[in-house]
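Hi,

Here's the structure I promised to pass along. Have a look at it first, and then read on for what turned up among the aromatic rings.

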Amino acid sequence: VAITTRLLVSHLSGIRHYEKDIAKVKEEKEKANRAFKLTKPYQDKEQKEEGGKGIEKTDSVKPRKEHEGEVKSRNSKPGKRDKEFEQEEYYLKEKFGSVIESLKIFKNDPLFFKPGDQFLYSTYGFTLLSAVVERASGQKFTDYMLKMFRDLDMLSTVLDDNEAMIYNRARCYVYNKKGRLVNAPYVDNSYKWAGGGFLSSVGDLLKFGNALLYSYQAGQFKNTNDKLLPGYLKPDTVAMMWTPVPKTEVSWDRDGKYAMAWAVVEKKQQCGCCRQQRHYASHTGGAVGASSVLLILPEELDSEAIDTGLVAPPRGVIVSIICNMQSVSLNGTALKIAREFDKEKWAQ
């Protein structure tokens with residue numbers, strides 16, 4: 001079989017995640033699908049009720065599954081760990097000298113399916129992707145990324161290197177089996193720099209989001225192109241990154257599809273006066289003792305304002321949340337915040 005970089009960035013490669021048993025992966029997937037089918041009628045009912053009250057729904061309804069998960073997490077014992085974090089490989093302590101070296105963890109394992117046939121979120125797929133970047137660029141992957149972060153003025157974004165003295169590094173926390181808050185266990189993330197090995201700040205993530213949003217919108221401002229600096233990426237590149245890929249899915253937003261390293265919800269309205277979906281891109285992050293999300297809600301630009309040069313990119317709302325606690329669901333919160341800021345902007 002052939003595995004391309006496009007398959008890697010969309011998690012269609014067939015490379016395993018932390019779970020090595022394909023039977024368990026299939027079982028969990030079937031459970032999730034059954035749960036979604038059971039909650040779908042309630043979502044539809046909720047949408048109809050809101051439509052009957054004459055409330056304009058400008059964004060997707062928060063999936064009931066996520067809502068129930070949040071309620072459950074508030075009411076359940078805090079010592080209960082997320083199943084995802086029961087996998088042993090989350091807690092590796094071995095230090096790897098290069099991304100090529102870290103491939104040994106999974107390189108001899110069988111693929112779970114033929115590349116391109118199914119979606120399976122895989123951190124190791126991004127480890128392989130980082131090896132591709134390293135060979136293509138002729139630089140160490142970590143050096144390549146740190147230079148890019150410097151170009152983007154993300155000076156607080158660094159490697160999660162245990163030995164380095166990093167100013168203002170936050171301490172991470174987890175709940176133990178007795179429900180007590182304790183320090184997160186020692187881990188070494190050098191085996192997955194690309195999939196979860198960087199430390200950052202809310203401010204730096206906002207800069208990253210702004211750079212992407214600027215790149216995405218720069219091509220739309222035709223009359224002011226001579227006055228605008230180019231985006232860090234070409235507009236077509238970001239548009240491609242934010243285009244949903246067939247056969248993909250997103251666990252944290254059932255209205256979304258996976259694109260290229262981003263989850264995307266497309267602009268959609270099936271019938272007049274019915275629920276509308278706004279186009280936005282987001283991604284959550286989870287590590288031992290930490291959770292995060294970055295959500296980008298582009299503004300629906302007015303063509304007249306663009307043509308007359310009254311506005312300039314980036315235009316939209318970007319929400320970044322980082323917390324030093326494990327297994328915290330943040331996408332719904334980020335979307336609520338983005339909606340509020342967007343609503344306030346249009347009210348003005």
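A residue is called buried here if its relative accessible area is under 20%. Tyr124 comes in at 1%, so Tyr124 is buried. Keep in mind that this is a predicted model.

On to the rings. Searching the whole structure gives 11 aromatic pairs. One of them is Phe106 with Tyr124, a stacked pair with 5.0 Å centre to centre and 20° between the planes. Phe106 sits in the loop between α4 (99-102) and α5 (123-137), while Tyr124 belongs to helix α5, so the contact ties together parts that are 18 residues apart in sequence. Phe106 is buried too, with a relative accessible area of 8%.

Then there's a tryptophan pair. The ring centres of Trp242 and Trp262 are 6.0 Å apart and the planes meet at 80°, so this one is edge-to-face. The pair links distant parts of the chain, 20 residues apart: Trp242 is in the loop between α9 (235-241) and β5 (257-258), and Trp262 is in the loop between β5 and β6 (263-265).

Cheers

Methods:
Residues numbered from 1 in each chain as written. Predicted model: local features only at pLDDT ≥ 70, side-chain atom pairs only at ≥ 80, totals over all residues. Heavy atoms only, no water. Phe/Tyr/Trp six-rings, centres within 6.5 Å; stacked < 30°, edge-to-face > 60°. Helix = DSSP H or I, 4+ residues; strand = E, 2+ residues; numbered from the N terminus. Buried < 20%, exposed > 50% of the residue type's maximum accessible area, 1.4 Å probe, protein only.
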